Amino acid sequence: MLDGERYAVLSVCIAYALLMGMISITACLRIRRWPHTIGTLTDDGISGFGSSSDRMHTARVRYEYSVNGTPYTGKRLSPFIVSATGTRMAEWQKNGIKRHGPDRVTVFYNPARPDKSYLIIPTPTGIAGVFLLIMIVVIVLWMAF
């Protein structure tokens, strides 16, 4: 009986991983088709959180843009959230911002909800990384059978 329960749990875990992977990859592919506009970067820094010994850092941005004459404010850098113990990774992630001068940036926005935006859209390499990660999880779970 326990083998049947283990099989059922692992099957559900594999199905969940595959479903979340498909949803993530589909969302990334949709975001790649979003239109863009030029916005103004109003904050460009690094945020830290956690205790002093385990302090994590992430990129912090804030920007203004307009779509069809309506102004918006955004703070999302990328759909991939990167947190690291040092500031290098956060600075590296911000290299993906398309800049047009010191404070002008390309803003990618959701055409159905223009208030949702990113400064960096998923790259084919990032999408392949998500796929690889999901496949590793599925293979590890499959090997647990």
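Are tyrosine 63 and tyrosine 65 buried or exposed? Both tyrosine 63 and tyrosine 65 are buried (buried is under 20% relative accessible area, exposed over 50%, partly exposed in between; 1.4 Å probe, protein chains only). The model is predicted: local features need pLDDT of at least 70, side-chain atom pairs need pLDDT 80 or more, and totals for chains, interfaces and linings use all residues. Residues are numbered from 1 along each chain as its sequence is written, and side-chain values use heavy atoms, without hydrogens and water.

**View 1. Strands S2 and S3 form a hairpin.** S2 covers residues 56-67 and S3 residues 70-74. They pair in the antiparallel sense over five bridges (pairing takes at least two DSSP bridges; strands are DSSP runs of E, at least two residues, and helices of H or I, at least four, numbered from the N terminus). Two residues lie between the strands. Asparagine 68, in the turn, has a positive phi of about 55°. Tyrosine 63 has glycine 74 in S3 as its bridge partner.

**View 2. Ring pairs link Tyr63, Tyr65 and Tyr72 into a cluster.** Rings of Phe, Tyr and Trp (its six-membered ring) pair with centres within 6.5 Å; planes under 30 degrees apart are stacked, over 60 edge-to-face, the rest tilted. The count is three aromatic pairs. Tyrosine 63 and tyrosine 65 have ring centres 5.9 Å apart and planes at 35°, so this pair is tilted. Tyrosine 65 and tyrosine 72 are stacked, at 5.5 Å and 25°.

**View 3. Histidine 57 sits in strand S2.** Histidine 57 is buried, at 16% relative accessible area.

**View 4. Proline 102 lies in a loop between helix H2 and strand S4.** Proline 102 is exposed, at 78% relative accessibility.
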